[in-house]
Amino acid sequence: MRSGLAVISMIGAIGLITYGIFQPVEGEVRWLLCLWASAPLFGLAAYLATRTGETRSLSRNLTNLGLVFLVGFGLISLQLLRQQFVRASAIAMHVVQDEEGQAISNIRPVLASQKVLRGEIRDMRGSVLVQSEPVGNAARRVYPLADRYDPRAFSNIVGFFSTRYGQSGLEATYNAYLSGERGNEWQRLRDSLLSETPRGNHLTLTLNADLQAEAAAALGGRTGSVVVLDPSTGAIRALVSNPGFDPRGLSFNPGVADREAENERITQYWQEMQVESAGQPLLNRATQGLYPPGSVFKTVTAVGVLEHSGVGQPETITCPETYLPDPNAPAIVNAVGGLATRTGDPSDLERVYAFSCNTAFAQYATRLGAERMVETAGRFDIGTPQRMTTTYRGLSDLLANQSLLYRDAGFLNQPRALADTGYGQGQLLVTPLQMAMVAAAIANDGIMMQPYLVQTVKRPDGGLILTHSPQRIRRTMSSATAQTMLNNMSAVARYGFGQSISSFVPGIAVGGKSGTAEHVEGAVPHAWFIAVAPLDAPRYAVAVMVERGGEGSSVGAELAGRVLAAAFATE
Amino acid sequence: MLTRLRQFRGVEFQLLFTVLVFFAAGYMLVMLATRQREFVATLPGLLTILWPSALPLLLFIAVSIGLGFKSPHADQVLLPLVALLAGLSLMLTARLEPSLNVRYFCTAVGGEVFPCYEGIASKQSLWVTLGVVGLAAMLFVPWDRILIRWLKLSLLDVLDNYRYLWLTIGLVLIFATFLFGVDPNDSGVKVWFDLGLFFFQPSELLKIILVIFLASYLNQHRELVAAGYRLGPLTLPPLPYLVPLLGMWGIAMGTIVFQRDLGAALLLYGVFLAMLYVATGRAWYVLAGMLAFGIGAYVLYQLLPIVSLRVQIWLDPWAQAQNRGYQIVQAIYAMASGGVFGQGLGMGVPAVVPAIHTDFIFTAIGEEMGLIGTLAVLIAYILLIFRGYHIALRIPGRFRGFEQLLAIGLTTIIAVQTLIIIGGNLRLIPLTGITLPFISYGGSSVLINFIIVGLLMRISAAAQQ
């Protein structure tokens with residue numbers, strides 16, 4: 001009976017402890033309640049287990065007192081077990097806002113990160129873009145890339161490294177490798193035992209730093225993005241987002257005498273970046289910016305028509321001045337009047353694509369229907385909101401947003417909406433990276449490769465930790481469709497709306513597609529262009545996009561042409 | 001010669017030697033990790049680093065050898081445990097001083113700025129040395145002979161017989177702190193005496209005096225036939241128990257009200273209840289006492305801002321993490337950052353926690369030595385406490401009840417104090433500022449704790465004869 005009671009109270013106490021000890025940091029009060037509630041149970045169990053016949057002798061009393069203290073020390077041990085083992089990392093990383101809205105976090109990771117000699121970031125040719133140099137017994141992040149290029153052109157890729165504001169870009173996504181927490185655990189243990197400065201691992205990128213700088217220069221001061229991919233591997237050769245920021249502005253120098261002033265300088269730069277006129281320099285427009293694609297999306301519709309040629313009837317098409325998919329909605333008109341004289345009547349896919357005929361692609365989308373449009377876009381990872389992931393996981397090296405075919409559920413069931421989507425308007429929202437991937441898939445015989453930026457991660461002693469081997473996402477279209485699409489894109493550059501691109505790369509056959517995307521009623525449209533070159537064996541797939549840039553066939557084609565020229569020149 | 005050899009305190013000597021090696025290794029590590037000294041890898045190089053700082057530890061060994069002659073049967077485990085904790089204290093103050101010096105600056109009257117905690121490591125060395133000397137004085141000075149000549153009573157009998165003198169001294173001390181207490185380091189409680197050379201915390205002395213009085217008093221009334229007084233429906237404890245219950249309750253509440261010293265109140269009252277229970281064996285006295293304390297504390301919670309503030313911080317330290325909850329939140333971060341194996345001695349940043357070298361020294365252990373270190377320290381305290389009770393139980397209580405209760409009371413001081421401060425550090429109970437016995441920096445605390453151990457050793461020596 002007595003031992004039974006002891007066992008029961010022991011089980012109860014252990015149950016309370018196991019329930020409480022795994023509570024998250026926010027549930028600390030619940031844990032403390034459990035802990036205190038278990039104390040009398042532990043005490044009762046111990047009392048029953050040690051009880052002897054004698055009553056009220058001093059030794060008996062002292063035993064009971066000792067049990068009380070033992071339970072006390074037991075509670076302390078359990079709290080230690082939770083604070084230092086079970087929930088240790090969660091508590092150490094716990095960030096809270098206090099009553100005044102100030103964020104409170106553990107200072108130790110910050111101090112530790114200052115002490116680490118973080119790894120270097122190098123471009124595809126091994127030239128060092130970012131490195132750390134020791135300053136006293138701490139380290140500071142320095143940017144050799146600023147000696148040769150405008151550092152703002154690289155800010156969206158390398159990101160910033162701040163002891164106060166955290167990290168962005170590759171500094172954030174590869175933090176575990178750059179700080180050496182992952183990859184060379186053995187070396188790190190040795191460093192900590194010998195109390196030597198811990199060293200991080202080096203990243204070698206697929207990026208062509210010269211091309212990156214040239215592409216940023218071609219974009220000039222305009223707000224926009226440039227993406228250059230190697231279609232056969234998915235390697236990112238350039239990824240420009242303008243405006244950028246100078247990562248040196250956020251890099252803390254522990255060597256300065258006046259640390260307050262140094263912190264003040266960083267705080268001020270951070271605040272300058274937050275003001276509206278700065279144009280969101282922290283946003284990586286190339287992978288996170290979501291824009292209506294305009295006519296470049298006709299490429300996807302064209303693939304859908306070719307892949308479903310039974311219902312799509314690619315070669316049976318006209319380019320009327322207006323097209324009325326829904327009698328209750330206004331008619332669709334072409335951007336340029338009198339297009340039929342250029343495309344011919346009846347026309348074919350190549351010519352309506354080359355002259356970017358809206359009414360033709362509206363008809364194609366209507367023929368395909370909502371389901372096939374969703375299916376075709378899905379092949380290029382342009383999803384529907386039902387999937388509900390806002391981050392695009394196809395790119396893992398940097399933060400990227402999911403491109404969407406439409407926003408509102410059931411949108412494509414409206415005839416007019418479906419028709420609009422066919423020529424790239426409607427509710428489409430895509431990232432420049434996604435459109436570059438569409439071009440790259442066509443250039444790679446229909447196979448879309450996973451885009452990547454980090455080629456290798458190496459230990460400070462040169463040992464290889466990981467290397468990226470090209471990964472295919474999927475075959476998006478048949479080989480024949482890819483070939484047809486290359487032809488269509490070539491037609492754009494040969495005689496269509498985008499001819500000007502050829503003049504920038506003399507002697508090299510290019511293909512492309514322009515886009516002029518309307519976003520706000522009456523505002524200057526976004527200029528788009530996607531391109532591939534050289535046509536016989538494409539080495540580059542390009543997407544450029546200028547916010548409020550104007551006509552895709554002029555502004556876009558020119559920018560894409562300059563980028564391609566730079567790509568060939570810096571090979 | 002053979003008897004001398006038989007009296008050699010082998011267990012104690014071996015343990016002390018182990019502690020010495022532990023201290024030497026730890027101290028070397030601290031000196032190297034905090035880059036206070038350059039290490040030349042030779043024996044002289046080793047000795048230059050260790051020499052003055054290992055002195056207190058060597059004194060322990062000297063005391064041990066001395067005990068072999070004076071009272072070879074005194075307890076052999078107590079001294080090494082104390083040496084371990086004191087060694088840890090020296091190691092930690094040496095480790096914390098440079099970190100505190102770069103972080104906390106004080107302004108002198110003349111506007112001159114200096115590090116607030118300069119020299120704490122050497123001061124603590126001095127205190128521990130003085131503590132060992134005090135302990136040796138308790139053990140080796142022939143108190144009994146001196147006192148028998150003067151008062152016709154042995155030391156322990158003097159303590160037993162003059163109980164009301166002790167009570168008076170204790171009460172005078174309490175009232176003196178109410179009146180003359182100062183607050184030298186802005187902690188919000190006026191519990192120090194300014195003695196010119198140094199600050200003395202009277203509550204440290206008070207706890208010993210109180211235990212001596214209670215041991216004597218409760219021993220006198222031990223054989224009491226339990227006959228309660230009836231007061232309406234309530235049965236009150238018999239008068240000899242009721243009076244001290246009420247008196248102690250009054251003292252505890254007064255300490256909170258007049259000095260804002262929650263820690264001392266909790267400690268004194270806790271020790272009293274423990275002794276009352278051991279002497280009478282009546283749990284309901286203790287429960288009633290706890291209830292009365294709870295009611296009093298609740299009333300004070302409503303009335304006194306400092307009490308309600310402490311409780312609020314305890315319930316949700318994160319809400320005011322930047323000001324009032326700063327200390328406990330930083331302590332929680334420090335403990336969690338320590339993990340299982342700790343950051344390594346000298347490798348953490350314990351100085352972000354205010355009062356890390358006094359009230360929060362357990363947190364420094366947690367950060368730099370991890371769960372392994374904290375549990376080891378807990379085990380050391382448990383061993384120390386249970387050794388103290390063991391000593392008490394080996395005394396034939398029927399004839400020497402005072403000594404028995406005194407040993408229990410002195411040990412209970414260490415137990416309750418350890419539980420209160422570690423519990424506060426770990427957010428198990430509201431934080432109250434008292435020291436971690438033997439480890440925290442601070443003169444009065446170290447001296448008094450060594451005197452407690454000296455008394456315990458003396459009682460154990462007497463019990464074995």
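**Strands and chain contacts**

Analyst: Let's start with strand 3 (residues 121–122) and strand 4 (residues 128–135) of chain A, which run antiparallel and are joined by two bridges. This is a predicted model, where local features need pLDDT of at least 70, side-chain atom pairs need 80 or more, and totals for chains, interfaces and linings use all residues. Residues are numbered from 1 along each chain, chains are lettered from A in the order written, and side-chain values use heavy atoms, without hydrogens or water.

User: What makes strand 3 and strand 4 of chain A a pair?

Analyst: Strands pair if DSSP finds at least two bridges between them. Strand 3 and strand 4 of chain A have two bridges, so they count as a pair. In strand 4 of chain A, A:Val128 stands opposite A:Arg122.

User: Why do strand 5 and strand 15 of chain A stand at the edges?

Analyst: The open sheet has six strands in the order 5-4-3-8-14-15 (chain A), with mixed pairing. Strand 5 (138–142) and strand 15 (464–467) of chain A each have a single partner strand, so one side of each has no neighbour in the sheet.

User: How do you know that B:Arg427 and A:Glu28 form a salt bridge?

Analyst: The term needs a side-chain nitrogen of Lys or Arg within 4 Å of a carboxyl oxygen of Asp or Glu. The closest N and O atoms of B:Arg427 and A:Glu28 are 2.2 Å apart, so the pair qualifies. Between chain B and chain A, the count is two salt bridges.

Definitions and conventions
Helix = DSSP H or I, 4+ residues; strand = E, 2+ residues; numbered from the N terminus.
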